[in-house]
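This briefing sets out the sheets, the helices packed on them and the chain contact for the structure shown below. It is arranged by topic.

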Amino acid sequence: MKLLSIVVPVYNTEDYIRRCLDSLVSVGDRSGLEIIVVNDGSRDSSADIAKEYAEKYPECVVLIDKENGGHGSTINRGLEAATGKYFRVLDSDDWFDTMNFEKFLSDLADCDEDLVLTPYTQEYTFSGEQVDYAYDRFEHGRTYTWDEMEFDENTMYFTMASSTYKTELLRECGLHLFEKSFYVDMQFNVYPIPYLKTVRFLDHKIYRYFIGRPNQSMSQENLTKNLPQHERVLQFIVDYYAANRETCSESQRNYLSLIFYFMYYSHIDIVCQKLKKRFRAYRLIKKFDRGLKKTAPDLYEKVDAFPYLRYSRRLGYLNVWLFNKPFSRLIDLGRRLRAR
Amino acid sequence: MKRILVISWFYPPINSSEGLVTFKLLNNSRYEYDVFTQKGATDFSYGKNVALENRPNVRSIWAKSRTIAEWRSEAIDYFRAHRDEYDCIMTRSMPQESHEVGTAIKKEFPDVYWIASFGDPIKSNPYQHINGTLHSYNGTDNLINRNKGLKFRLSPKRMLYSAAWRIKNRPAVKFRRYLAKLEDDALKYCDCVIYNNESQQRYMSTNDKILKKSVVLPHSYDVTFYPEKDTAPHDKVRFLFVGHLDDIRTARPLFEALKDMKESDEGLADRAQFDFYGDMSDNDLVFWARNGLGDVVKLHRNVPYLESLALMRSADWCVHVDGNIRSVSDENVFFAAKVADYFGSGTPIFAYTMNSGSTYEYLKNAGEVVLSYSAMEIRQNLYRIIYKGYKADQNREYIANFDAVNVAKRFDNEVVGRFLGRKEE
């Protein structure tokens, strides 16, 4: 049995895929590694490059060619094919730090936890800047159970770039991500939580998250364009939380709420601040918030801590439609005064 | 056909990129040239140390003057005195004064065919925008502010600061105007413009008229300048950098990567050595010293051109560094002549540069290792080379496009050929 299966979703990344695959196949001992390259119907030469690697490293690189179905579909397909004890995802425009990855593999061989977490780095290649994301509040090398972990709004949740899950666990939780949808990484982050028992933190920065252009991060147009997908994934998180509320421990519930906060906060930002059609924004937020109250009243209560949402609810969300700018400024001013 | 007069302040034996580029081009051309140059002043160069002899088709005419201003007048006087000997002139920057000579000659003798060959952009050099020597950081003309909105443009505070800067830096403003006029005149009056890369062509050709008369001729290498390759294996991987570094074109990401590697492996110096020949910014030197990189990175003084080529040949990897000018331009408009020399050495190149622009394309197409400014990406690739024995898969067929013989052939056909075609008309 292989130690680690890595799924590399590929879609039109011919400029980057070599860097990504090189960073994996350069490890000294490839025997425990399974690299599953899932070509999501690329229209450039990405598939040919991946094929080249599959031919050169048949012992560890597998190429799956499929029709375009989005990021989620590649992970679904990769998981079906994975034979490794552990499973993780590496996007084809990102890469692993080989030196740290070798150390990680060696440590992973001694692990039996459900989830192994590692810090990751965002690489702003246009400026050469790097931003590290680490789980500093947890002890590295130690195994935690849910009860030993505390989560609040300042905790960094377990991202796709930092997580290595047991393959068996992902199958057990029935992981199946939405196809042709953005934001499926958030789905990936919540699916295994109710089934997760033990977590280990390892201090090897392996994942290099590539940010290649100054304005690569979601543009305003894209955010509003993909709003229905954002809402769909958010709704999934609410439903998943509601369905598993009873079986989850308090820590697990706290953790799921944390992911929900994060996503709901950005949802409010997109709907209430960025959407130009104000009446639509009003209707959307009102509808979603009422749905939330019905499906997960505890989550509804918890997000009342956000002043913007709290006062909007009191005003029946009319501010979103009629006077959002002065209202937001007032809330912001209140927040600043409080901070002082 | 009459001889072509080439006006260039730099030319061998002066060790300067501009002169060497001109030398390689002319000496591989099938036409005959007189090069009006000088060998008295070595300002802005790496000294007078290039032992290269002209081939029979090229003759150097040495000016007596020691300053650029005198040389400029002497060049114009020379042309006046020898008007009948030349129908075509070529001026080569840097320095920009050679184009001033061209403009003066063209205005006086409009029937002379003028080829203006540009090294770097003159009037809007990205470096000058970034270091703020000629453009205020609060000025709307500074490309650093190109993406800032109306709020910035209409800000009274900005206007005030910008006006104060202009008053305080009158000589700089005056010099900027002079440079702008010089480049505009050169591009307007010349009959043919030579750029050294496509990005520069896009950056400098502000209208279709200029674009139509422009040709891109990349810098080249001359295979005859290199010694035999030393095939004996080295006890460690040897990286070589030759040339100029500063705060924009900085070794910092590489040094950061090496520092990080040293922390993981104390014995890095037994596995790899980096030899840096040339200048470096004080900030980089401080970083080098503070982090104890002296055992891995050896710093050396400038060397003569031919010696630098021999060093390139004997290294395992040549290091190329480009300045990150993303704040003022979306693509790298520079193509360093050194890259062509690296190509000629046959040694693989380890480069970090902007991921857009001609240099990036050239290096990528040549199969070299081309990286961003991320210290971690640099470390990653150094690790593969030093510890895993990674070898670049160079595309020699593509690299041959930079061979001086091929570039000169293109020059003969596309530039001189254009002149001959017009003459026949």
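In chain A, helix α2 (residues 46-56) lies across β1 (4-10), β2 (33-40) and β3, and its direction makes about 150° with that of β3(A). The model is a predicted one.

**Sheet and helices of chain A**

- The open sheet of chain A consists of eight strands in the order β3-β2-β1-β4-β10-β6-β11-β9, with mixed pairing.
- Its edge strands are β3 (61-66) and β9 (143-145) of chain A, each of which pairs on one side only.
- From one strand to the next, the twist averages 25°.
- β9(A) and β11 (residues 198-201) of chain A run antiparallel and are joined by three bridges; within this pair, Tyr144(A) has Val199(A) as its bridge partner in β11(A).
- Helix α4(A) lies across β1, β2, β4 (86-89), β6 (115-117) and β10 (163-166) of chain A, and runs at about 135° to β1(A).

**Sheet and helices of chain B**

- Chain B has an open sheet of seven strands, ordered β3-β2-β1-β4-β5-β6-β7, and the pairing is parallel.
- β3 (58-62) and β7 (214-216) of chain B are at the edges; each has a single partner strand, so one side of each lacks a neighbour in the sheet.
- Neighbouring strands of this sheet are turned against each other by 20° on average, direction ignored.
- Strands β1 (residues 3-7) and β2 (residues 33-37) of chain B run parallel and are joined by four bridges; Ile7(B) stands opposite Phe36(B) of β2(B).
- Helix α1 (residues 17-27) of chain B lies across β1, β2, β3 and β4 (86-92) of chain B, at about 145° to β4(B).
- Helix α3 (residues 97-108) of chain B lies across β1, β4 and β5 (113-117) of chain B, at about 150° to β4(B).

**Contact between chain A and chain B**

- Chain A contributes 24 residues to the contact and chain B contributes 17 residues.
- About 1,700 Å² is buried between the two chains, with carbon and sulfur atoms giving 47% of this area.
- Four salt bridges are counted between chain A and chain B; one of them links Arg19(A) to Glu377(B), with the closest N and O atoms 3.1 Å apart.
- Nine residue pairs, both members at pLDDT 80 or more, are in polar contact between the chains.
- On the side of chain A that touches chain B, α1 (17-25), β5 (95-96) and α4 (98-108) of chain A each supply at least two residues, and α4(A) gives the most, with five residues.
- By class, this side of chain A has six nonpolar, 10 polar and eight charged residues.

How values were computed. Residues are numbered from 1 along each chain as its sequence is written. Chains are lettered from A and ligands numbered from 1 in the order in which they are written. This is a predicted model: local features need pLDDT of at least 70, side-chain atom pairs count only at pLDDT 80 or more; totals for chains, interfaces and linings use all residues. Side-chain values use heavy atoms; hydrogens and water are left out. Contact means heavy atoms within 4.5 Å. Buried area is the accessible area (1.4 Å probe) that two parts lose on being put together, summed over both. A salt bridge is a side-chain nitrogen of Lys or Arg within 4 Å of a carboxyl oxygen of Asp or Glu. A polar contact is a pair of N or O atoms within 3.5 Å; within protein, one must be able to donate a hydrogen and the other to accept it, and residues adjacent in sequence count only if both atoms are side-chain atoms. Ala, Val, Leu, Ile, Met, Phe, Trp, Tyr, Cys and Pro count as nonpolar, Asp, Glu, Lys and Arg as charged, and the others, Gly among them, as polar. Two strands pair if DSSP finds at least two bridges between them. Axes are lines fitted to C-alpha atoms, for helices over the stretch in contact, and angles run from 0 to 180 degrees between N-to-C directions.
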